[in-house]
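Hi,

Here is the structure I promised to pass on.

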Amino acid sequence: MPNMDGILAASKLRKTNKELVIIMLTSKRERFKDAFKVGASRFVTKPIDKEELYEAIENALKDIDSDERLNSKKFVKVHKSYIVNMKYIKSISGRLIVLENIFLTSEWSYE
């Protein structure tokens, strides 16, 4: 890319979509830390091994698919009428569940 490297591009994309699955492709192994700082789920080095790339894509697709199915490791039933994505829970105190920028008062349980 002429005016931006992949790390900067990934950083800009991450700001607009926190759920984005990013696979970094590079010839520079020293960029591993930078890739993980922007939330890359995989890092594939050049020259690209097709099997490694296919595995990275397959794993990314599984991650995306599991998000669509309300994975029980990520979601919790907090009331008979509410399901909450656990990554957005900031705190729980009695009957108060505090989410990112949202307050939900309700009985909750791990049914």
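Let's start at one spot: His79 sits opposite Tyr82, a residue of β4. The strands around that spot are β3 (residues 75-79) and β4 (residues 82-85), antiparallel and joined by 4 bridges; two strands count as paired if DSSP finds at least two bridges between them. Together β3 and β4 make a hairpin, with 2 residues between them.

Before you read on: this is a predicted model, where local features need pLDDT of at least 70, side-chain atom pairs count only at pLDDT 80 or more, and totals for chains, interfaces and linings use all residues. Residues are numbered from 1 along each chain as its sequence is written, and side-chain values use heavy atoms, with hydrogens and water left out.

Zooming out, the protein has 3 helices and 7 strands, in the order α-β-α-β-α-β-β-β-β-β from the N terminus. (Helices, H or I, at least four residues, and strands, E, at least two, are DSSP runs numbered from the N terminus.) Of the 111 residues, 24% are buried, meaning under 20% relative accessible area; exposed is over 50% and partly exposed lies in between (1.4 Å probe, protein chains only).

Then the aromatics. The count comes to 1 aromatic pair, with ring centres of Phe, Tyr or Trp (its six-membered ring) within 6.5 Å; planes under 30 degrees apart are stacked, over 60 edge-to-face, the rest tilted. Phe32 and Phe43 form a tilted pair, 3.9 Å centre to centre with 35 degrees between the planes. Phe32 belongs to helix α2 (residues 32-37) and Phe43 to strand β2 (residues 40-45), 11 residues apart. Phe43 counts as buried because its relative accessibility is 8%, while Phe32, at 31%, is partly exposed.

Cheers
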